[in-house]
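Here are my notes on the model, as numbered points. Please read them with the structure open.

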Amino acid sequence: MTRALIVVDVQNDFCEGGSLPVDGGARVAYDIGQLLRERAASKEPEPTYGLVVATKDHHIDPGDHFGNPPDYVDSWPAHCVVGTDGEAFHPNLDPVSFDEIFRKGEYAAAYSGFEGAAKGGATLVDWLRERGVEEVDVCGLATDYCVRATVLDARAAGFGTTLLSDLTAGVAAERTAAAIEEMRAAGVTVL
């Protein structure tokens, strides 16, 4: 059985110094990068993750997703705009190579990685199913927004789903705790 790791939105704009930073974002980027470097160096014949994919916010003109002023509930400061450094993966992940990258939110708000597509147009759910993936572990930013949405969509699509909570960071403590409880209630394993 193939298990995949989904790395959600570990981009410059969501880390300290970005336009929409999450406290602890750079640490999460470093810790995920370390996990992936250890995977690459492993001599195990069957690594924990057969596949590693990433999602990216990839905004061109997402409409009222960008607010002026933002309300920080449904609208946000401009972030992860295509062609800016803010859209790039955080350097703590480099030089990680992902098996595929799914970009989301060009012209609309998109929180879940399952709303994205690869360069060839494949959706995340189809791409994973075509490769025999039955279980996914999810990590990244932010626990209470894009990670939550991706985890819940993975579970709804029928994947055995695990949240690697020590490899996430949330925007707000109360909202993050509520999101984790919502994921548990949906049948997600929280580590």
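1. Cys15 is buried, at 0% relative accessible area; buried means under 20%, exposed over 50%, partly exposed in between (1.4 Å probe, protein chains only). Its sulfur lies 9.4 Å from the closest cysteine sulfur, that of Cys80, too far for a bond. Cys139 is in no disulfide either: the nearest cysteine sulfur, in Cys15, is 12 Å away. Cys139 is also buried, at 0% relative accessibility. The whole structure has 0 disulfides, a disulfide being a pair of cysteine sulfur atoms within 2.5 Å.

2. A word on the basis. This is a predicted model, where local features need pLDDT of at least 70, side-chain atom pairs count only at pLDDT 80 or more, and totals for chains, interfaces and linings use all residues. Residues are numbered from 1 along each chain as its sequence is written, and side-chain values use heavy atoms, without hydrogens and water.

3. Where is His65 found? His65 sits in the loop between strand S2 (51-57) and strand S3 (100-104); strands are DSSP runs of E, at least two residues, numbered from the N terminus. His65 is buried, with a relative accessible area of 3%. Leaving out residues up to four places away in sequence, His65 touches His59, Asp74, Ser75, Trp76, His79, Ala109 and Tyr111. Contact means heavy atoms within 4.5 Å.

Methods:
Helices (H or I, at least four residues) and strands (E, at least two) are DSSP runs, numbered from the N terminus.
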